[in-house]
Structures are given as C-alpha cells and as structure tokens.
Amino acid sequence: MGSLPQIVEDCMGVLQLFSDGTVFRSENINFKDPVVHDNSVLFKDCLFDEKLNLHLRMYKPTSTKTNGSIHTNKLPIIVFIHGGGFCVGSRTWPSSHNCCVRLASGLDALVVAIDYRLAPEHRLPAAMDDAVSAVKWLQWRSQNLSDGGDEWWSGSFDFDRVFIVGDSSGGNIAHHLAVRFGSGELDPVGIRVRGFVLLAPFFGGEVRTKSEEGPSEELLTLEILDRFWRLSLPAGENRDHPFANPIGPASPRLESLALDPILVVVGGSELLKDRAEDYAKRLKELGKKIEYVEFEGKQHGFFTHDPFSEVANEAIQIIRRFMLENSN
C-alpha cells in the first residue's frame, strides 16, 4: 500500500498543499475582524468573468459629501484588489469588505472590489490576468450603463477618474496593471486611470532586506512570506522573478514607461517596508511621479484590519489628497 499524502505547505490551516498535489481550503475560518454593517454604504455582488466564474463586489455611498475642489457631481471609481499573498483572500472576507466600506464612505467613491484566481491551483500570472479582465469589464460597463436595466448604474459615476488601489499582493497586482497601462499593452478605452495606490505592496527578492530580517510582526513572519512565494510563483522560479521583484535583475526596465502617478503607503514596522521604500526610491530616480508615506510603528494590514481607526482616517485623507491632486 502507498503512504497517505503528507502536508507539504500549510498556510495557518486556511490552505494546505499535499504531497500528491491536492489542495485543501478551509471553509470554516475564524476571522478576528467582524463584518462592519454601515448603512451609509450599499453593496452588490456581480459576475465579471463568466468563463472563470469570477465575481466582484460594488460599493457606493447612499449620500455624497463634497469632493473637495473637484467640480463634479460624479463619483470617482476605485478598483480595489485584496491581499492574501496571492494564495488566500476574497472580496467577501471581513478585512476586504470593511476596507471597501471605509473607502466608499471616506472617499465618496464607487468601489469595485475584485476577486482573482488563487495559487497554488492558479500560479502567477493568473491573478494579474484576472485583474486585467476586471478592468476590461469596467471598460465594457462604461459603454453599457443601461445594459439589462441594472438600476445600480443609474447613479452618476466618473469613468474619467478611475484609481486602482491594491492591498499587499493586491498592491503587487496594481503595480503590474500600472506597467501594462504604461507600456500601452492595456488600452484605456472608456476609462481614464488617474493613479495607483499600493498599500504595503507584497514584493520580494532573493537578497534579504533589513526589515525582512526582523523582528517578525504579530500576524506576519518571513516564513509565511516565503511560503506564499513558493506557492504562487511559476514552478521553479525564485523571488527575483519579475512577478515578485519589480526592480530586480530580471525585471523589465521601467524608464521608458509612461506610468501614471503612484502612492505607496506602508507601516514602519512591516517586514515589507524596505521593499516598498526601495521601489518608491527607484521609481523616483527614474523621474516617475511617486509618493511614499510611512506610518511609524504600524504593522502589515494596519489599514485593512481596522479601517475605522484614527490612523486609518489619516490614511484616508492621504489617499483623498492624492486623488484630488491627480484628478484634473
């Protein structure tokens, strides 16, 4: 008799990879964050990729405040890409849902939170490709506002002011979307992307940074980060692959790309802090419009895990200013 399959990778019991290649995903996750019920925001789920059965969740405020100096009654659009090391996470998880509720109410915006295929069943670039599909769905929607009598789109939304916000691995995906737009690979028909917000982007590399060497965070260790890369990168590739390291030796050159403005927000006590800071410094050296904001003493997920905290309110104001500055 053959031996039973053994667990070879274990992501906190939420995801387990076995020696025979099978994957177990737990449906009974004990989330620490309760779902926030906020009557000031409506939300609705929608299928955006029928072939792959991928959904998104849309959020819109029930009433709107003034958008600062922007003289328009239309709401800007935020495409939100959740985190989870490319391996776990969903638009329905409390951390993602609560974050999007806060973004919609705090920024007076339509928020479109997308799902994407997860590794290891679907290794990179599946997640990047799915984000492209979601953008193309938004482009289609901009041309078909009355399609099927959907009253959700009877509101006034500004497809000329689209911002892409990514958290952790979603921040990595946001970078790759910026590159696809900047290279001309992704045609901006029907929408205009004004900027990208990378919240603690999940970047990697073979040479350890000082922040990666520790100390570990409350919810994140270097072992967890390495496991996510082993599970998500193309088989046989290391952390200097362009999907992991956007400024590494094997990565495409960014000098010639017409990148839209980028805002990087990171906690000062994050393992990923140095990666984010090095990324911002490199793009600034290349003459790109990039802003780096660091919240002293904060750990990974300080915004998404408590989006109604005082420090999260500060982050909201920084994102709001970034949107205002790049809306004209």
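1. Arg 321 is partly exposed, with a relative accessible area of 33%. The scale is simple: buried means under 20% relative accessible area, exposed over 50%, and partly exposed in between (1.4 Å probe, protein chains only). The model is predicted, so local features need pLDDT of at least 70 and side-chain atom pairs count only at pLDDT 80 or more, while totals for chains, interfaces and linings use all residues. Residues are numbered from 1 along each chain as its sequence is written, and side-chain values use heavy atoms, with hydrogens and water left out.

2. What does Arg 321 pair with? Its side chain meets that of Glu 291 in a salt bridge, 2.8 Å from N to O. Glu 291 sits in strand 11 (residues 290-295) and Arg 321 in helix 6 (residues 310-325), so this pair ties together parts 30 residues apart in sequence. The salt-bridge rule is a side-chain nitrogen of Lys or Arg within 4 Å of a carboxyl oxygen of Asp or Glu. Helices (H or I, at least four residues) and strands (E, at least two) are DSSP runs, numbered from the N terminus. Glu 291 is also partly exposed, at 22% relative accessibility.

3. By the same rule, the count comes to 26 salt bridges. One of them joins Asp 160 to Arg 194, with the closest N and O atoms 2.7 Å apart. Asp 160 belongs to strand 8 (residues 157-167) and Arg 194 to strand 9 (residues 193-199), so the pair ties together parts 34 residues apart in sequence.

4. Arg 208 and Asp 226 form another salt bridge, the closest N and O atoms being 2.6 Å apart. This pair links distant parts of the chain: Arg 208 is in the loop between strand 9 and helix 4 (222-232), and Asp 226 is in helix 4, 18 residues apart. Arg 208 is partly exposed, at 30%. Asp 226 counts as buried, at 14%.

5. There is also a salt-bridge network. It links Lys 273, Asp 274, Glu 277, Lys 281 and Glu 294.

6. Helix 2 (residues 126-143) passes a length check. Its 18 residues should span 26 Å at 1.5 Å a residue, and its end C-alpha atoms are 26 Å apart, which agrees. The expected span is 1.5 Å times one less than the number of residues. Of these 18 residues, 13 are buried, so helix 2 is largely enclosed by the rest of the structure.

7. Helix 2 packs on helix 3 (residues 169-182) at an angle of about 65 degrees, with their axes 10 Å apart. The contact (heavy atoms within 4.5 Å) involves residues of helix 2 including Ala 127, Met 128, Val 132 and Val 135, and residues of helix 3 including Ile 173, His 176, Leu 177 and Phe 181. Axes are lines fitted to C-alpha atoms, for helices over the stretch in contact, and angles run from 0 to 180 degrees between N-to-C directions.
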